[in-house]
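Let's look at how the parts of this protein sit against one another. Start with the big picture, then move on to the helices.

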Amino acid sequence: MSDLVYLNGEWLAPEQAKVSVFDRGFLFADGIYEVMPIYQGRPFLATQHLARLHRSLAAIAIPDQPDEFWQSLVAELIERNGLQNGLIYFQVTRGAETKRSHLPQGPITPTIFASISPLELHWDIPKPAKAVLCEDIRWLRCDIKSISLLGNIVLKQYAQQHHAIEPMLHRDGVVTEGASSNYFAVKDGVLYTAPTNHLILPGITRMWVLQLAHQLKLTVREEPFHISELAQLDELFLTSSSREVQPIGQIDDIIIGNGRCGPLTQQLIEAFHASKRAHLA
Ligand code: PDD
């Protein structure tokens with residue numbers, strides 16, 4: 001939890017930070033968010049995270065701030081909280097009026113909230129985890145990092161009830177992504193992941209892993225895979241800012257490969273760690 005959070009120009013203790021009950025985030029989930037990892041006091045892939053923040057705001061026509069505003073917010077969050085490793089959350093809603101109305105009644109100032117929470121910096125190869133298949137019940141603009149996360153939460157609850165770390169979402173059998181992650185599969189030495197379109201969030205970790213895969217000269221196809229192919233896959237992993245690269249050894253009752261972390265996954269985890277080390281050097 002943050003010691004100090006930012007809310008609309010003020011630095012406050014978390015329990016002091018309050019927004020109006022008429023805030024459109026509260027009433028309509030009318031807002032977006034962004035999550036940025038901080039390693040040893042330095043933001044990781046900050047340019048890419050800020051670019052996605054700008055894209056999300058533009059997509060729903062909420063007025064934005066220049067890069068310098070967000071950059072100084074990042075620097076101040078780190079400094080004021082003295083946190084070396086953490087996750088910064090930016091939360092921007094369309095703002096508050098004094099009455100409820102689906103459409104804003106006039107010009108409105110966005111609500112900007114930012115906080116930082118601790119993140120453990122790890123250098124190990126994570127143990128393969130279990131995921132569960134779920135129909136992707138979310139809306140059709142998953143490319144926007146919307147604060148409307150009800151679908152994601154219901155799906156995560158289902159995964160938790162089935163002792164899995166994450167759902168694997170599919171539409172008519174075609175795998176889209178996780179509830180807060182992107183999936184990659186390996187078959188016959190080829191790395192597959194769903195293409196970026198309206199059905200998935202363009203994960204920054206996904207993009208970084210694709211870049212590392214190209215540097216390693218792996219064969220990559222940004223093509224979705226089908227749930228009927230799961231039993232034949234050699235390797236499977238997911239990516240996100242908080243989990244980085246997480247091997248998946250089991251989906252429902254299907255064991256992936258031999259259930260252990262596969263060689264390509266391991267190679268990518270090591271390359272990811274090396275890129276983090278380079279970032280910290
Ligand atoms: N979630 N897909 C969804 C639906 C997500 O919510 C996330 C991230 C990702 C991975 O994106 P990235 O690699 O940029 O973290 C994919 C963040 C971590 C969250 O909600 O906390």
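The centres of domain 1 and domain 2, taken over C-alpha atoms, are separated by 26 Å. These domains span residues 5-118 and 129-280 in the domain assignment, whose bounds come from an automatic or database source. Their contact (heavy atoms within 4.5 Å) takes 25 residues from domain 1 and 21 residues from domain 2. Between them the two domains bury about 2000 Å², with 69% of it on carbon and sulfur atoms. Buried area here is the accessible area (1.4 Å probe) that two parts lose on being put together, summed over both. On the domain 1 side, Tyr33, Tyr39 and Arg52 lose the most area to domain 2, together 30% of what that side buries.

A word on the model: it is predicted, so local features need pLDDT of at least 70 and side-chain atom pairs count only at pLDDT 80 or more, while totals for chains, interfaces and linings use all residues. Residues are numbered from 1 along each chain as its sequence is written, and side-chain values use heavy atoms, leaving out hydrogens and water.

Now for two helix pairs. Helices are DSSP runs (H or I, at least four residues), numbered from the N terminus. Axes are lines fitted to C-alpha atoms over the stretch in contact, and angles run from 0 to 180 degrees between N-to-C directions.

| Helices | Angle | Axis distance |
|---|---|---|
| α2 (residues 46-59) and α3 (residues 67-81) | about 125° | 11 Å |
| α5 (residues 204-215) and α6 (residues 263-280) | roughly 105° | within 10 Å |

The angle of α5 to α6 makes them roughly perpendicular, a term for 65 to 115 degrees. In this pair, Thr205, Trp208, Val209, Leu212 and Ala213 of α5 meet Leu268, Ala271, Phe272 and Ser275 of α6.

What about α2 and α3? Their angle makes α2 oblique to α3; oblique covers whatever is left after under 35 (roughly parallel), over 145 (roughly antiparallel) and 65 to 115 degrees. Leu50, Leu53, His54 and Leu57 of α2 make the contact with Asp67, Trp70 and Gln71 of α3.
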